[in-house]
Amino acid sequence: MFKANEAYLKLPGNYLFSEIASRVSEYCERNPDKAGRIVRLGIGDVTQPLAPAVVEALHAAVDEMAEAQSFRGYAPDLGYDFLRQAIAEHDFAARGALVYPDEVFVSDGAKSDSGNIQEIFSADARIAVCDPVYPVYVDSNVMAGRTGTYDASTGLWSDVTYMPCTQQNGFTPELPGPDADVSLIYLCFPNNPTGAVIDKPHLQAWVDYANEHGAVIVYDAAYEAYIADPMLPHSIYECNGARTCAIEIRSFSKNAGFTGTRLGYTVVPRDLKDANGVSMHGLWARRHGTKFNGAPYIVQRAGEAVYSERGRCETQAQISSYMENARIILEGLRSAGYTVSGGENAPYIWLKTPDGCSSWDFFDQLLESVQVVGTPGSGFGPSGEGYFRLTAFGTRESAQEAIRRIRAL
Ligand code: MLT
């Protein structure tokens, strides 16, 4: 008789956002009269339509696919040159960071890449993650059999190094100690879920640490477009020495509304080599070539349009509008007496639950009493207990309405 992958059996519960979705639909079944009132600020899903420049590029690419002369079959598995070049130029060269177009691996999104990247590291690589953390980093390593056992009483896995991000340290992780022996460090800035940011000297310290200790940083920069402070780094490659120790993951979901269209990329510099001189660029190319057939041509053309003058202007307007939602949520909660952070260079607002309420109890309370959906902080890790995340990606009306209802609680 066949047997399931035991590593999967270790996973406790559902994927966080699936769990939230199922609790909300269960609530709607129980309360059909309230279903229409629900304000959804849980998963960070965009609500504005694709920018006109992007839609035009999509239409034009569809027309190309309709003609024998311009039809395209399989995309190059690492991405079309037109997109890889636009990315290298606009996301990196423009910020003084050196990334070559052929170091950019185009994909169907940052979630897949951040889940898959662990495959090219050894099975005994020890991971270090922030706590709280985007659950994909940990769960994908659990699935790969890289973690030990889950302790339900602490919410922690053995064989994982956790870096608590708390109010005391401003929700920014401290460097693992000199004996931590971590080889794969996941960082995400601007941070999901706390909305915390990192300045260049601190990011440089991480790069120096990784180079000194032979570790790799997987840097998730999916939310970099929300950085308003000109002093903050958008890419880890703005730091000296990052090319020998860092992989960066980016998304078109949050900066250009591609959550349903699917496009992202990962940068693996050629200078990133393991202890035996093995090129991680070569391994990721091998993995991509074997398991991926490229993001669709029409979507890559749409991604290219994000970098056009009009595309940049139109997507920037969307980002500004989401950041106005963030301001409304942040200030509304603050003036109602909540302890809040994030939301200034990030689309997530991180609030302390009132009266020591647990994260899931607060989730239930908001859903049951005012039909507002957010994300319980403890779903991101034990240090998230007692916190709650709201997203700025809703409509203006939903941000205003959520605040009005929460204040009335
Ligand atoms: C989130 O809400 O944390 C994100 O939308 C999840 C994701 O991007 O996969």
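P190 sits in the loop between β7 (184-188) and α7 (200-213), where helices (H or I, at least four residues) and strands (E, at least two) are DSSP runs numbered from the N terminus. A cis peptide bond joins F189 and P190, with omega about -15 degrees. P193 is also found in the loop between β7 and α7, and the peptide bond from N192 to P193 is cis, with omega near 20 degrees. As background, most peptide bonds are trans, and most residues other than glycine have a negative phi.

A word on the model: it is predicted, local features need pLDDT of at least 70, side-chain atom pairs count only at pLDDT 80 or more, and totals for chains, interfaces and linings use all residues. Residues are numbered from 1 along each chain as its sequence is written, and side-chain values use heavy atoms, leaving out hydrogens and water.

Now to the ligand. N192 is one of the residues around the ligand, along with F17, I43, G44, K111, Y134, Y223, K254, Y348 and R389; a residue is near a molecule if one of its heavy atoms lies within 4 Å of it.

| Residue | Its N or O atom | Distance to a ligand oxygen atom |
|---|---|---|
| G44 | backbone | 2.6 Å |
| K254 | side chain | 2.9 Å |
| R389 | side chain | 2.7 Å |

On its own the ligand has 270 Å² of accessible area, and the protein covers 86% of that; such areas come from the Shrake-Rupley method with a 1.4 Å probe.

In helix α6 (residues 135-143), 7 of the 9 residues are buried, including P135, Y137 and N141; buried means under 20% relative accessible area, exposed over 50%, and partly exposed in between (1.4 Å probe, protein chains only). After α6 comes G145, with a positive phi near 80 degrees. Strand β6 (residues 160-164) has 4 of its 5 residues buried. It runs parallel to strand β3 (residues 127-131), and 5 bridges join the two; strands pair if DSSP finds at least two bridges between them.

D159 lies in the loop between β5 (156-157) and β6. Its phi is positive, near 65 degrees, although D159 is not a glycine, and D159 is partly exposed at 45% relative accessibility.

Finally, N255 belongs to helix α8 (residues 253-256). Is N255 buried or exposed? N255 counts as buried because its relative accessible area is 14%.

Technical notes
Polar contact = N/O pair within 3.5 Å; in protein donor to acceptor, adjacent residues only side chain to side chain.
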